[in-house]
Amino acid sequence: MPAPVLMVVGTASSVGKSTLVAALCRLAARRGLRVAPFKAQNMSNNAAVTADGGEIARSTAVQAAAAGIAPTVAMNPILIKPEGQRRSQIVVEGKPWQTLAAADFWQRKALLWPVITRNLDALRAEYDLVIAEGAGSPVELNLKAGDLVNMRVAVYAQARTLLVGDIDRGGIFAQLLGTLMLLEPAERRLIEGLIVNRFRGDPALFVDGVRILEERGGVPVLGVVPWIEDLDLPAEDAVALDQARPAPAHGLVIAVIRLPAIANFDDFDPLAREPGVTVRYIDYPSQLAGAAAVILPGTKHTLAARRWLRERGFDAALRQFTGAIAGICGGYQLLGERISDPLAVEGAGGEDDGLGLLPVETVFAPDKQTTQTVAKAQAAWAGAAELHGYEIHMGRSRRLGEAQPLLRIVRRGATPAADDDGCQSVDGRVWGCYLHGLFANDEFRRGWLRQLGWQPAFDPLPQTDPLDRLADQVAAALGSPVLDRLFTISP
Ligand SMILES: NC(=O)CC[C@H](N)C(=O)O
């Protein structure tokens, strides 16, 4: 018997589906179930790399961590990575498939349905329970014919389906009842209940709301989940950056330039978590004022980001900036002298000068490098500990002349390596490399921060795993009888 599927769909994107799936994964795992997350298709430039070098959405990797398992490409068989200008790289089962304009993807989508069912079936054969996540709203009526990720998956798996709405953005009745109304009868029958997410204040004040939803909707409200402050999980996509309130500038300020098609910006979450450090996402050179360092993050479209930096006046501003300058992956490529994409691997390709802050040249290759990578830093401040991170890039960079590397790669996946990566200026003030996840390494992160003048005011308190905190809150909101029912695996 294939494992049952529990599915979470939402009334819109960013209503909290991913977080709820992560919470349910942790709660099911706590009950001893072997549980796996699944999202048929995700659109995000925040990616993770699996042990065998496949690329999947970061949010799915977080859900796998919540389930206590290592992520695999089966859990997110299709990942769409937008490059801007309505083009995206389509990653299928962890590897780039094609780079397509939106209209062409729409034409070719149907080819991908067997990929989705094959991977979902495989998870259902391996685990006791699969918790699947939809995308956006399941009733975008104009897009429904091409659906690969919402009710088509629910119907295929006959999934018990939860519909989540976000009360914080308002219109909760229209969100939930409107969505129910627009589902086809065969889809509607799969809806096991509603969840009201992000409720601020006392849920006792919403009892009338619950009654009205149940009367009008004809399905139970399974829980009113409170607004959870500072959850600190990696954001699913760059929408989160637009919603983030500007952080008050106190202590040491690190500016991160919000490049077009910004990728893997959760690289900087560990910096923001340090006491006395503020990470400020910036759009204009004037916002560099007061920053001790500036970071150029990854980007899915390096040459487009290059032009954007020039247009915004960042070239001169970065030359005049006296603090530290760091670049990760696409950001590292941008710091170099030259960027060439002769095969138009990204966008329309072409070539351009880089910012000229590191003696490095980058050429794009048709094959993508995606690996979990272990390295050692070649800078005294960074300490001697092994650094664990991951690489996701099409570009290959080489140092010019006598330039110093930043890292010595010692392992990629299971394979020992002995390559240099990255580059640092002679005075160490400017550096870049390909390793995402670098700042999650404590010795490296704190070493760099100390270089910038940071002195931890106090040792950070050991924190409870945010996934446990999240799971506890969701468990309290849903209650044991509901969870017992949702996690019943034999009919
Ligand atoms: N993750 C990244 O920043 C990727 C950088 C660049 N777009 C490349 O593929 O090489």
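Reader: Where is Arg-169 found?

Author: Arg-169 is in the loop between strand E10 (160-166) and helix H6 (172-182). Helices (H or I, at least four residues) and strands (E, at least two) are DSSP runs, numbered from the N terminus. This is a predicted model, in which local features need pLDDT of at least 70, side-chain atom pairs count only at pLDDT 80 or more, and totals for chains, interfaces and linings use all residues. Residues are numbered from 1 along each chain as its sequence is written, and side-chain values use heavy atoms, with hydrogens and water left out.

Reader: Why is Arg-169 called partly exposed?

Author: Buried means under 20% relative accessible area, exposed means over 50%, and partly exposed is in between (1.4 Å probe, protein chains only). Arg-169 has a relative accessible area of 43%, so it is partly exposed.

Reader: What does Arg-169 touch, not counting residues up to four places away in sequence?

Author: Its partners are Ala-12, Ser-13, Ser-14, Val-15 and Gln-175. Contact means heavy atoms within 4.5 Å.

Reader: Is His-393 buried or exposed?

Author: His-393 is buried, because its relative accessible area is 6%. This residue is found in strand E22 (residues 386-399).

Reader: Which residues does His-393 touch, not counting those up to four places away in sequence?

Author: They are Cys-329, Asp-367, Lys-368, Gln-369 and Tyr-434. A polar atom of the His-393 side chain also lies 2.7 Å from the backbone oxygen of Gly-395.

Reader: Which residues are closest to the ligand?

Author: Thr-299, Gln-333, Glu-346, Met-394 and Gly-395 are the closest of 14 surrounding residues. To count as near, a residue needs a heavy atom within 4 Å of the molecule. A backbone N or O atom of Thr-299 is 2.7 Å from a ligand nitrogen. For Gly-395, such a backbone atom is 2.8 Å from a ligand oxygen.

Reader: How much of the ligand does the protein bury?

Author: The protein buries 97% of the 300 Å² that the ligand exposes when taken alone. Accessible areas come from the Shrake-Rupley method with a 1.4 Å probe; for residues, only the protein chains shown count as cover.

Reader: What makes a set of residues a nonpolar core?

Author: The members are buried Ala, Val, Leu, Ile, Met, Phe, Trp, Tyr and Cys residues, joined through side-chain atoms within 4.5 Å. The largest one here has 68 residues. Ile-254, Ile-257, Phe-268, Ile-295, Trp-431 and Trp-448 touch the most other members. Strand E13 (residues 252-257) gives the largest share, six residues. Another core, of 50 residues, lies apart and includes Ala-36 and Leu-100.

Reader: Why is helix H2 called mostly covered?

Author: Nine of the 10 residues in H2 (residues 58-67) are buried. Among them are Arg-58, Val-62 and Gln-63. Just after H2, Gly-68 takes a positive phi of about 80°.

How values were computed: Polar contact = N/O pair within 3.5 Å; in protein donor to acceptor, adjacent residues only side chain to side chain.
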